[in-house]
Amino acid sequence: MPDTPTFQNYIGGQWVDAASGQTFESRNPAKQSDLVGHFPQSGAEDVARAVEAAEKAFDAWRLTPAPKRGEILKRVGDIMTERKSEIAHAMTREMGKPHFETKGDVQEAIDTAYYAMTMGRQLFGHTVPSEMTNKFNMTVRRPIGVCGLITAWNFPVAVPTWKMFPAILSGNTVVFKPSEDAPHSGMLLVQVMEDAGVPPGVVNLIQGAGAAGQAIVDHPDVAALSFTGSSETGAKIAGDAARRHARISLEMGGKNPAIVMEDADLDLAMEGLIWGAYGTTGQRCTATSRLIVHEDVHDELVERVQAKAAELRLGYGNDAGVDVGPLINQKALDKVSGYMDVAREDGATIAMGGERATGDGLDDGFFFQPTLLTGVTRDMRVAREEIFGPVLSVIKIKSFDEAIEVANDVQYGLSSALYTADISRAFRALRDVDAGITYINGPTIGAEAHMSFGGVKATGNGHREGGWEVYDFYTETKTCYIDFSGGLQRAQIDNYDD
């Protein structure tokens, strides 16, 4: 067998080992015998070096005109276009979702690069009339400084670009730590950045486990932090960041509902539910995990979903014809399996699936059967907690008002969907569902790169990724006054005669 490659961190334009010399393995979750590579197990010393490199690069980069920064990001998009299939193949090998999904992941990163390029000419401020004569008021955007980016494994190229591209387009420099479950994908992204001509120190890559991420969170010179992951970890990061007054953006968990009313197109709803619940093996923060369905169409829709889900082919995602890949690791498999016991204890029925998938080449991976739970009530744990696997819980309701109430009765609020032919219901859902995203007659997954992405309640902390709003997070607003009157004029003083 050929030697397994050993990869490095990227700090200040150089590929370097971790200071400790220690490494960790990345393996194919569909074929655990397939070792992807060894990656540096980084710590606080490596993070300190990366932050120092980012600080050194900051002044020259912030003074580079934003349209020029955008031109570099266009080259990033061009290179990613050329390497799309290659990167997607590597991503599937490392984190499991089928090749057609990882190609979409790379395409989203390409779209984000090109969108960022256009924002290089759109970092708008405001000009505002002054209350005084011969005085000019305006606001401008300024970069923040060094930004720490900590990302999850399930979208190992797209989600880092949601953070990285707006950050550097705005004039910031970054220290990026990908998930230890997808280190190779993160490395391939940074390799593209280097090849596109991003100057040394503007983007720095730190590999490793939670200790490396914590070191980024704790570093006093990291001015802003963006995190994607669990709500529990995000809450801790938010507390740590607040103690040192760092800016923080959190994108966390979900328990996303799809409401299907009695007037819905059931064929359309069924297709959306299959894609939303079982795409990416249910390992999306936007995955459809709750089907809230009107009693009049409950039995028919459940039957259709069950029949369609039974046709899904599980396997290694780089093989032809595979619909669903593995869970990411043993811990995830144990968690999803454990929720089957919870479902039984709570009185739900496992209508299909509910077990580890074996045979037909699946034994060496972390495969789990597409699962449908019926007889679920809103108070059950499987209806309230994020399972993060291919599990759809079905809750029967009697009315639209009840559907909205059930949809909102969880701690999360990321994505949601409503299937109906009633325009009044559609607009009420847009108004009343407590979520950052609502789809009408479409699945809960499928965010577009130029639209804002994020949620409410335990899903986020008010900031958004994607679209135009993310640039508000990565810039500071500076208010500027130019007084050309030649004399002292005093604002915030009573200048009106009685």
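**Briefing: helix H3 and its setting**

The model is predicted. In total, the protein contains 14 helices and 21 strands. Its radius of gyration is 24 Å, close to the 23 Å that the globule rule gives for 498 residues, so the protein is as compact as a globular protein of that length.

**Helix H3**

- Helix H3 covers residues 84–95, and its 12 residues should span 16 Å at 1.5 Å a residue; the end C-alpha atoms are 16 Å apart, which agrees.
- The buried residues of H3 are Ile87, Ala88, Ala90, Met91, Thr92, Glu94 and Met95.
- An α-helix has 3.6 residues a turn, so residues three or four places apart point the same way.

**Nonpolar surface patch**

- Phe136, Ile482 and Phe484 make a nonpolar surface patch of about 290 Å².
- Ile482 belongs to strand S21, which comprises residues 475–483.
- Ile482 counts as partly exposed because its relative accessibility is 37%, a value between the 20% and 50% cut-offs.

**Overall fold and surface**

- Taken along the principal axes, the box filled by the C-alpha atoms of the protein is roughly 80 × 75 × 40 Å.
- Buried residues make up 55% of the 498 residues of the protein.
- Among contacts with a separation of 6 or more, 73% join residues 24 or more positions apart.
- The protein exposes about 20600 Å², of which carbon and sulfur atoms supply 50%.

Methods: Residues numbered from 1 in each chain as written. Predicted model: local features only at pLDDT ≥ 70, side-chain atom pairs only at ≥ 80, totals over all residues. Heavy atoms only, no water. Helix = DSSP H or I, 4+ residues; strand = E, 2+ residues; numbered from the N terminus. Expected span 1.5 Å × (residues − 1). Buried < 20%, exposed > 50% of the residue type's maximum accessible area, 1.4 Å probe, protein only. Patch = residues over 30% accessible without salt bridge, like charges linked within 9 Å, V, L, I, M, F, W, Y side chains within 5 Å. Areas by Shrake-Rupley, 256 points an atom, 1.4 Å probe, with all protein chains shown as cover. Salt bridge = Lys/Arg side-chain N within 4 Å of Asp/Glu carboxyl O. Rg over C-alpha atoms; globule rule 2.2 N^0.38 Å. Contact = heavy atoms within 4.5 Å.
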